[in-house]
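Hi everyone, thanks for coming.

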Amino acid sequence: MSNEDKVREVLTEQGKLPGNVAELGIDDDLYQAGLTSHASVNVMLAIEDEFDIEFPDEMLKKSTFASIAAIDAAVQQIQSES
Amino acid sequence: MDVPRSAPRMRVGVDIASAADVRESIETFGDRYLDRIFTPHEREVCQGPIDRMATRLAARFAAKEAVIKVLRPHAAAPNWRCMEVRTDSAGWSDLVLTGAAHEMAQAAELRDFSLSMSHDHDVATAVVVAVQEGT
C-alpha cells in the first residue's frame with residue numbers, strides 16, 4: 001500500500017469527513033472538505049501510529065494537514081530526518 | 001452611532017466542540033491524545049467519570065480554539081498546551097497564555113483575555129475576548 005493510500009485510509013477512519021475520501025484529489029483542501037480542528041488531532045495521532053513517527057510541535061500547524069499531499073510530504077520529511 | 005475614541009478595541013473568538021468526539025479520542029488514543037492537547041492542570045481539574053471528563057475537556061478544547069481565533073495567526077497556530085484554562089477552587093476559569101501563544105498576543109498587542117465556557121449534554125462551547133491596545 002502506498003503512503004497516499006495509507007493517508008486516505010487514516011482520513012477515512014479518523015477524519016470524520018462528510019464525503020467520500022476516495023473522491024478527494026491529493027491537493028484538495030481537507031478543511032474545505034469538512035476536516036475540523038479536533039478531527040485533525042485524531043488524524044495526526046493515527047498517522048503517527050500508521051507510520052511509526054511522531055510529529056514535532058513545529059509541524060503541528062493547519063497547513064500540515066491541509067491536503068493528502070501535505071500530509072504525505074510531512075510524513076516523508078519526518079521519516080527522512082529520523 | 002460613532003464609537004467614542006477612548007473605547008478599547010476588542011477581539012472575540014468563539015468555538016464549539018463535541019464531548020462525544022473528545023470521549024472517542026480518549027478511548028482511541030488515551031494519554032497520547034490527552035498529553036498532546038491538555039496541560040496537567042486541565043487534566044487534573046477534569047478528572048472524573050469519562051462522560052463528565054469528556055464534556056469538561058471539550059469545553060477546554062473549544063476555549064483553545066477560541067483563543068486561536070482571537071490571535072488570528074497567519075502561519076502556525078500555537079501549541080494547544082500554550083493556551084491553558086486555569087480553574088480556581090470555586091470553579092471559575094481564566095486563560096494563561098505561554099510560549100508561542102503569549103508571543104502572538106504580545107505581537108498583536110492583545111491583553112486582558114477573558115473566557116466563558118458552557119456545555120449542555122454533548123455540546124461544549126467557549127467564548128474568549130481580549131482588549132487590543134494601540135488601535
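**A walk through two chains**

When I say helix or strand, I mean DSSP runs, with helices being H or I of at least four residues and strands being E of at least two, numbered from the N terminus.

Some housekeeping before we go on. This is a predicted model, where local features need pLDDT of at least 70 and side-chain atom pairs count only at pLDDT 80 or more, while totals for chains, interfaces and linings use all residues. Residues are numbered from 1 along each chain as its sequence is written, chains are lettered from A and ligands numbered from 1 in the order in which they are written, and side-chain values use heavy atoms, with hydrogens and water left out.

H2 of chain A covers residues 37-51, which is 15 residues, and from first C-alpha to last it reaches 21 Å, close to the 21 Å expected at 1.5 Å a residue. That expected span is 1.5 Å times one less than the number of residues.

Buried here means under 20% relative accessible area, exposed means over 50%, and partly exposed is in between, with a 1.4 Å probe and protein chains only. Among the buried ones are Val41(A), Met44(A), Leu45(A), Ile47(A) and Phe51(A), and also Asn42(A) and Glu48(A).

What do those buried residues pack against? In chain A, they pack against helix H1 (3-14) and helix H3 (68-81). In chain B, they pack against helix H1 (19-29), helix H2 (31-37) and helix H4 (50-71).

Let me zoom in on one residue. His38(A) sits in helix H2 of chain A, and it is buried, with a relative accessible area of 9%. Leaving aside neighbours within four places in sequence, His38(A) is in contact with Asp21(B), Val22(B), Ser25(B), Tyr33(B) and Phe61(B). By contact I mean heavy atoms within 4.5 Å.

Now let's step back to chain A as a whole. Chain A has three helices and zero strands, and along the sequence the pattern reads α-α-α. Its radius of gyration is 11 Å, close to the 12 Å that the globule rule gives for 82 residues, so chain A is as compact as a globular protein of that length. The radius is taken over C-alpha atoms, and the rule is 2.2 Å times the number of residues to the power 0.38. The C-alpha atoms fill a box of roughly 35 × 25 × 20 Å along the principal axes. Of the 82 residues in chain A, 46% are buried. And of the contacts with a separation of 6 or more, 54% come from residues 24 or more positions apart.

On to chain B, which has five helices and five strands. From the N terminus, the order is β-α-α-α-α-β-β-α-β-β. A compact globule of 135 residues would have a radius of gyration near 14 Å, and chain B has 16 Å, which agrees. Its C-alpha trace spans about 50 × 30 × 25 Å along the principal axes. Buried residues make up 44% of the 135 in chain B.

Met53(B) lies in helix H4 of chain B and counts as buried, at 14% relative accessibility. Not counting residues up to four places away in sequence, Met53(B) touches Ile26(B), Cys46(B) and Gly48(B).

Ala77(B) is partly exposed, with a relative accessible area of 24%. Outside four places in sequence, Ala77(B) is in contact with Leu60(A) and Lys61(A) from chain A, and with Ile68(B) and Met104(B) from chain B. Ala77(B) and Ala101(B) are 24 residues apart in sequence and 8.1 Å apart in space, C-alpha to C-alpha.
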